[in-house]
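Let's walk through this protein together, one residue and one contact after another. Have the 3D view ready so you can turn it as you read.

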Amino acid sequence: MRRRTFLLGAATAAAAGTAGYYRSRVVETTPDVRYPGMQAGHALRDGAALPPSSGARRCQVAILGSGVAGLSCAWKLAREGFTDFVVVQGPEYGGNAAAGNRDGLDYPLGAHYLPLPSMQSTHVREMLADFGIAERDAFGERPYYDESILAHSPQERLLRDGRWEDGLLPMHGLPQADIEQHRKFLALVDRLHGAVGNDGRKVFCIPIVLSSRDPAWRALDALTFRQWLEREGYTSPALHWYLNYCCRDDYGAPYDRVSAWAGLHYFASRDGHAANAAEGAVLTWPGGLAPLVQRLRDAISARLGHGDWLLPGTAARLHASPAGPRIDCLAPGAAASVYTLAAQRAVCAMPLFVAQRILPDIRAYGYDPATHASPHAPWLVSNFVMDGYPRE
């Protein structure tokens, strides 16, 4: 897409002052829309019958999904000297960290940056040290990171009432009472970064499993984020708009469907720092997190001495047996075919809305789709190739 097409001739139209000329500059483009796994996903949803298996392969551990979760698991196993495992790729290699290429330029298809890991994120720090991304003091409070992938925090602007405002939290022209509420909320977030529960754990932590189990804080899961805001006296429409936007962006659901605990976790859990960057910096590549996925894959293959651990196909059914799980996998290709993995252990590294279609006893693991699943919308990531910067 060319820059002038992208801008739709707005600057010229404004100067000419005629709607007709503006409309004449509009050029429709044909997008390249990708939807990996749609056909297999619909078959899982509808409970479609699978063809007979063409054969079985045995392994000790089968990891289902080649996103960052699945590959991190495989990397850790290989790093600890364990070799008898396979990873079933799934509908898209890299999962939410996949990338594409256009005109020699990489672009992300999902996750586009990694926040600096907190002190509790030792597993992430171990990985970044292994790949040379954390160059010095990888487990200290302020590691020194590879400058080539260290970026300032993305800065956003809001166009409101014909005026550009820095950041996404509206401030200009609001009543003083609203501005005070905005400042009060931001001050609360600053305090929550260091909040500790009665069990000595951080209240809002990444990874979530290390967060405090203090009942006083966990009670926030019984409220929606919107209910909590109203209870605490936050009435500013602009603040509500901003926090609802954040929940929709991060969770794919509005703030009246996201719990207060999760809504606050969005803001209060990220507290990583760097020796060679300002606060709020992130780690990223032009292709988002796809290069991190590639480093995981290369490290696994190097430790195993081969690349046969990554299997094409998508896990479709998991059956329990006395010898361990048996996983039927759809092989890639136009003609439907199935192969089976006979494993001693299986790691389900996929979204829960997919896992609930594959695991017949998912409720036994503490997840009940009827109770815990909620309506949500996934990201739609759009990438544009431009031949220059737009003129302001």
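Start with Trp-217: its relative accessibility is 25%, so it counts as partly exposed. Here, buried means under 20% relative accessible area, exposed means over 50%, and partly exposed is in between, using a 1.4 Å probe and protein chains only. Phe-204 comes out at 0% relative accessibility, so this one is buried.

Before going further, a word on what you're looking at: this is a predicted model, where local features need pLDDT of at least 70 and side-chain atom pairs count only at pLDDT 80 or more, while totals for chains, interfaces and linings use all residues. Residues are numbered from 1 along each chain as its sequence is written, and side-chain values use heavy atoms, with hydrogens and water left out.

Searching the whole structure turns up 10 aromatic pairs. Take Phe-185 and Phe-267: with centres 5.5 Å apart and planes at 85°, they are edge-to-face, so they get that name too. Phe-185 belongs to helix α7 (residues 176-192) and Phe-267 to helix α11 (residues 260-268), so this pair links distant parts of the chain, 82 residues apart. Both are buried, and both belong to one aromatic cluster together with Phe-225, Trp-228, Tyr-234, Tyr-242 and Tyr-266.

Arg-157 has its charged end over the ring of Trp-164, 4.2 Å from the centre, and Arg-218 lies over the face of Trp-261 at 4.6 Å from the ring centre. To count, NZ of Lys or CZ of Arg must be within 6 Å of the ring centre and within 35 degrees of the ring normal.

Now for the strands. Strand β9 (residues 157-160) and strand β10 (residues 163-166) pair antiparallel over four bridges; pairing takes at least two DSSP bridges between two strands. They make a hairpin with two residues between them, and Asp-161 in the turn has a positive phi of about 55°. Elsewhere, β1 and β2 run parallel, joined by four bridges. Leu-64 stands opposite Val-88 in β2, and Val-88 also has Leu-311 in β12 as a bridge partner.

What covers β2? Both of its faces are covered, with Phe-85 and Val-87 buried on one side and Val-86 and Val-88 buried on the other. Phe-85 also belongs to the largest nonpolar core, which has 36 residues; along with Ile-133, Tyr-145, Leu-283 and Ile-300, Phe-85 touches the most other members. Such a core is a set of buried Ala, Val, Leu, Ile, Met, Phe, Trp, Tyr and Cys residues joined through side-chain atoms within 4.5 Å. Its largest share, six residues, comes from α12.

Definitions and conventions. Rings of Phe, Tyr and Trp (its six-membered ring) pair if their centres lie within 6.5 Å; planes under 30 degrees apart count as stacked, over 60 as edge-to-face and the rest as tilted.
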